[in-house]
Amino acid sequence: QVQLVESGGGLVQAGGSLRLSCATSGSIFKLTHMGWFRQAPGKQRELVATIASGGSTNYADSVKGRFTISRDNAKSTVYLQMNNLKPEDTAVYFCNLGATVGGRPGPYWGQGTQVTVSS
């Protein structure tokens, strides 16, 4: 069984910064990627950033140059550093794990953490 526990969300003014963390636990096998998605009210869940097992990264155009995804393999944790936040970044942010755990293929999701950016 795998658990993804997110933290670091909150309320911040436009132009501010937040860092999200996602700690994973469980016997992870065949890791393909870890990433962050977000879902704003009334909208579909969308990709924010991913980091592949080899370390390559991918970002949504809307966050390029402002957000940075990183991973600490020793802590089995993925981070999302968010700078120059904008009101349109307001959403629930979900951690995503692409891996096989206990013989069961993913993806796996965290419970989400709220990010609110005031103007």
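The part I mean is Cys22: is it buried or exposed, and what does a disulfide join it to?

Reply: Cys22 is buried, since its relative accessibility comes out at 0%, and 0% sits under the 20% cut-off for that label. Keep in mind that this is a predicted model. A disulfide joins Cys22 to Cys95, with 2.1 Å from S to S. Cys95 is buried as well, at a relative accessible area of 0%. The structure holds 1 disulfide, so this is the one to look at. About the S-S bond the angle is -85 degrees, which makes the link of Cys22 and Cys95 left-handed. Because Cys22 lies in strand β3 (residues 18–25) and Cys95 in strand β9 (residues 91–101), the pair ties together parts that are 73 residues apart in sequence.

Now for the nonpolar side of things. The largest nonpolar core has 30 residues, and Trp36, Leu80, Met82 and Tyr93 are those with the most contacts inside it. Strands that each supply at least two residues of this core include β3, β4 (28–39), β8 (77–82) and β9. The largest share, 6 residues, comes from β9.

Leu80 is a handy one to click on. Leaving out residues up to four places away in sequence, Leu80 touches Leu18, Arg19, Leu20, Trp36, Val48, Ala49, Phe67, Thr68, Ile69 and Tyr93. Thr113 is buried, with a relative accessible area of 11%. Its side chain reaches the backbone nitrogen of Gly9 at 3.4 Å. With residues up to four places away in sequence again not counted, the residues Thr113 touches include Glu6, Leu20, Ala91, Val92 and Tyr93.

Zooming out, the chain has 0 helices and 12 strands. The radius of gyration is 14 Å, close to the 14 Å that the globule rule gives for 119 residues, so the chain is as compact as a globular protein of that length. Along the principal axes, the C-alpha atoms fill a box of roughly 45 × 25 × 25 Å. Of the 119 residues, 42% count as buried. If you take contacts between residues at least 6 apart in sequence, 54% of them join residues at least 24 apart.

Note on methods: Residues are numbered from 1 along each chain as its sequence is written. This is a predicted model: local features need pLDDT of at least 70, side-chain atom pairs count only at pLDDT 80 or more; totals for chains, interfaces and linings use all residues. Side-chain values use heavy atoms; hydrogens and water are left out. A disulfide is a pair of cysteine sulfur atoms within 2.5 Å. Helices (H or I, at least four residues) and strands (E, at least two) are DSSP runs, numbered from the N terminus. Buried means under 20% relative accessible area, exposed over 50%, partly exposed in between (1.4 Å probe, protein chains only). A nonpolar core is a set of buried Ala, Val, Leu, Ile, Met, Phe, Trp, Tyr and Cys residues joined through side-chain atoms within 4.5 Å. Contact means heavy atoms within 4.5 Å. A polar contact is a pair of N or O atoms within 3.5 Å; within protein, one must be able to donate a hydrogen and the other to accept it, and residues adjacent in sequence count only if both atoms are side-chain atoms. The radius of gyration is taken over C-alpha atoms; the globule rule is 2.2 Å times the number of residues to the power 0.38.
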